[in-house]
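Open the model in your viewer and keep the selection panel at hand.

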Amino acid sequence: QVQLVESGGGLVQAGGSLRLSCAASTRTFSVYVMGWFRQAPGKERELVASINGNGASTIYVDSVKGRFTCSRDNAKNTVYLQMNSLYAEDTAVYYCAARPIMSATYNSWGQGTQVTVSS
């Protein structure tokens, strides 16, 4: 497993932007697919974005397409989630997670960071 530490959450007005970061403690960061999940009160956790090991491929949930960008810097063992044009509906605790490339299961999770968007 990998230790993951998120940062960058906070309070922002609707229409604003935030960038989340997730630092991973591993010497083999590039073998992990990284995902950003979120969980709003009373809702199930959902996968918002994921990025493959070399950063060439990303997947987004429909609700954030065109607004969020997931990227990674393997030299810094860090994955990012740039969030633009934020809506109140984006309010949630955001988690980063890691899964080995050959696995379908995310087995490492960060502690989460709160994102609150005021309308």
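How many nonpolar, polar and charged residues does the lining of the largest pocket have? It has 3 nonpolar, 3 polar and 7 charged residues. Here Ala, Val, Leu, Ile, Met, Phe, Trp, Tyr, Cys and Pro count as nonpolar, Asp, Glu, Lys and Arg as charged, and the others, Gly among them, as polar.

This is a predicted model: local features need pLDDT of at least 70, and side-chain atom pairs count only at pLDDT 80 or more, while totals for chains, interfaces and linings use all residues. Residues are numbered from 1 along each chain as its sequence is written, and side-chain values use heavy atoms, with hydrogens and water left out.

**The pocket.** The volume of the largest pocket is about 160 Å³. Select Arg38, Ala40, Lys43, Glu46 and Glu89: of the 13 lining residues, these are the closest to its centre. On a 1 Å grid over the protein atoms alone, a pocket is an open set of points where a 1.4 Å probe fits, with protein on both sides within 12 Å along at least five of seven lines; lining residues have an atom within 4 Å of a point. Points are joined across faces, edges and corners, and the volume is the space filled by probe spheres set on them.

**Arg38.** Stay on this residue, in strand β4 (strands are DSSP runs of E, at least two residues, numbered from the N terminus). Arg38 is buried, at 7% relative accessible area (buried is under 20%, exposed over 50%, partly exposed in between, with a 1.4 Å probe and protein chains only). Show its side-chain polar contacts (N or O pairs within 3.5 Å, one able to donate a hydrogen and the other to accept it; residues adjacent in sequence count only if both atoms are side-chain atoms). One reaches the side chain of Asp90 at 2.9 Å. Another joins the side chain of Tyr94 at 3.0 Å.

**Ser71.** Finish in strand β7. Ser71 is partly exposed, at 31% relative accessibility. Its C-alpha atom lies 6.4 Å from that of Gly55, 16 residues apart along the chain.

Note on methods:
Helix = DSSP H or I, 4+ residues; strand = E, 2+ residues; numbered from the N terminus.
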